[in-house]
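The structure is shown first.

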Amino acid sequence: MDRKVVITGMGIYSCIGRNLQQVRESLYNGRSGIGLDARRKEFGYRSALTGILEEPDLKGRLDRRSRVCMPEQASYAYVATSEALARAGIDTAFLEANEVGILYGNDSSAAAVIHGVDVIREKRNTALVGSGNIFQAMNSSVTMDLSVIFNLRGINFTLSGACASGSHAIGMAYLLVRQGLQERVICGGAQEVNLYSVGSFDGLGAFSAREDEPQKASRPFDRDRDGLVPSGGAATVIVESYESAAARGAEIIAEIVGYGFSSNGDHISVPNVDGPARSLRMAIKDAGVDASEIKYINAHATSTPLGDESEAQAIYKIFGEHNPYVTSTKSMTGHEMWMAGASEVVYSTIMMRDGFIAPNLNFENPDAHSSKLNIPNRRVDTPFDMFLSNSFGFGGTNSTLIVKKP
């Protein structure tokens, strides 16, 4: 089988908005969600820069048992998924009567692990950790929690692919639906935003130290970039077969037409050009389109010197003189890590729907490689009907998605 795969719902909880409408306004106006968290300095961080967002209060929305089993990132995912299901027109009755799966990208649950160990060390009694800690501490926490809360009975597991996790989750859902193994899948990515989750990144010097101007710290493709800004939240898309969506009378937001992936196969943290280029090429081939048809690329570009440089070379290698617009929404959000591949599909779909491209903030001085790309540092009001989204991660994992208007 080779079925058409569509998106019928989206939801988002990020530092630039707690729902689709708020996010749309931030994208349109080029509004950054980056700030300083003073607690990070007290904790020993070199950089206090981070995406700013609060954990949602789910009292009154979920029972206590459900909340006890949820780590921070699962609460973000619950809010995003609730919005996505509502947007897709899928209610409790539908979930109870039909098989719906879940694939979510997540690659850490650090806060819960540390909390559990701290209790045991202090109390010398494992029983005092609490019954919910085991479920909070597992990487698969998000899919476990949401599958129970929403009564999901289709495929159910977590993808851990570093900063490509969210993108791979959507890609795998696309393959399963296209092949007829699932009719509809909830998929996305989640990232915790706390003191414990990214301390080692800070220790490696991976973060920007531009603390005097937080909203200018994330500078993808700019010559003067000095590192990424960590961030997080959750993003959900409802991936569905066209037949299922049509039978429900659901509005189709977009169509997923291509998925590419690859492994760099060499250094665990230093990117190369060949791996991303092969992922791009595979996605374009899978979509059955010419590179000239893709008018916008949401780049992975995290604002690190080597990462942005290698991606710029890979994009130019594949797209050459076709000159699509290229931006990284991480200039506004920071690097949402395990969530980023999913959130950037949501951001790009919003822009495609409304006919604009958000600015690549802080792109003031191109380098030798980014100067060859068409990177706007102001909003571009232009219609486009197809975009490509890149996500790359430690270990050399690469994921590329191509999405078009229905």
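Phenylalanine 135 belongs to helix H7, which spans residues 133-137. In this predicted model, phenylalanine 135 has a relative accessible area of 31% and is therefore partly exposed. Together with Ile134 and Met138, Phe135 makes a nonpolar surface patch of about 240 Å².

## Overall form

The protein chain contains 15 helices and twelve strands. Its C-alpha atoms fill a box of roughly 65 × 55 × 40 Å along the principal axes. The radius of gyration is 20 Å, which agrees with the value near 22 Å that a compact globule of 406 residues would have. Of the 406 residues, 60% count as buried.

## Aromatic pairs

How many aromatic pairs does a search of the whole structure find? The search gives nine. In one of them, the ring centres of phenylalanine 201 and phenylalanine 394 are 5.7 Å apart and the planes meet at 10 degrees, so this pair is stacked. Phenylalanine 201 is part of helix H10 (residues 199-203), while phenylalanine 394 lies in the loop between strand S11 (386-393) and strand S12 (397-404); the pair therefore ties together parts that are 193 residues apart in sequence. Phenylalanine 201 counts as buried, at 12% relative accessibility, whereas phenylalanine 394 counts as partly exposed, at 46%.

Tyrosine 259 and phenylalanine 261 have ring centres 5.2 Å apart and planes at 50 degrees, so this pair is tilted. The angle falls between the limits of 30 degrees for stacked and 60 degrees for edge-to-face. Tyrosine 259 is buried at 4% relative accessibility, and phenylalanine 261 is partly exposed at 38%. Elsewhere, Phe43, Tyr45 and Tyr196 form one aromatic cluster.

## Charges over rings

Which ring does the charged end of lysine 4 sit over? The ring is that of tyrosine 242, with the charged end of lysine 4 at 5.1 Å from the ring centre. A contact with an arginine involves phenylalanine 94: arginine 248 lies over the face of this residue, 5.4 Å from the ring centre.

## Salt bridges

The count of salt bridges comes to 21. One of them joins aspartate 37 and arginine 40, with the closest N and O atoms 3.4 Å apart. Aspartate 37 counts as buried at 11% relative accessibility, and arginine 40 is buried with a relative accessible area of 2%.

Glutamate 364 and arginine 219 form a salt bridge in which the closest N and O atoms are 2.9 Å apart. Glutamate 364 is in the loop between H15 and S11, and arginine 219 is in the loop between H10 and strand S7 (233-241), so this bridge ties together parts 145 residues apart in sequence. Through shared partners, salt bridges join Asp2, Arg178 and Asp286 into one network.

## Positive phi angles

Most residues other than glycine have a negative phi. Serine 303 has a positive phi near 90 degrees and is not a glycine. Serine 303 is located in the loop between strand S9 (296-298) and helix H13 (305-319). Its relative accessible area is 0%, so serine 303 is buried.

Asparagine 362 also has a positive phi, of about 65 degrees, although it is not a glycine. Its place is in the loop between helix H15 (340-354) and S11. With a relative accessible area of 13%, asparagine 362 is buried, since the limit for buried is under 20%.

How values were computed: Residues numbered from 1 in each chain as written. Predicted model: local features only at pLDDT ≥ 70, side-chain atom pairs only at ≥ 80, totals over all residues. Heavy atoms only, no water. Phe/Tyr/Trp six-rings, centres within 6.5 Å; stacked < 30°, edge-to-face > 60°. Helix = DSSP H or I, 4+ residues; strand = E, 2+ residues; numbered from the N terminus. Buried < 20%, exposed > 50% of the residue type's maximum accessible area, 1.4 Å probe, protein only. Lys NZ or Arg CZ within 6 Å of the ring centre and 35° of its normal. Patch = residues over 30% accessible without salt bridge, like charges linked within 9 Å, V, L, I, M, F, W, Y side chains within 5 Å. Areas by Shrake-Rupley, 256 points an atom, 1.4 Å probe, with all protein chains shown as cover. Salt bridge = Lys/Arg side-chain N within 4 Å of Asp/Glu carboxyl O. Rg over C-alpha atoms; globule rule 2.2 N^0.38 Å.
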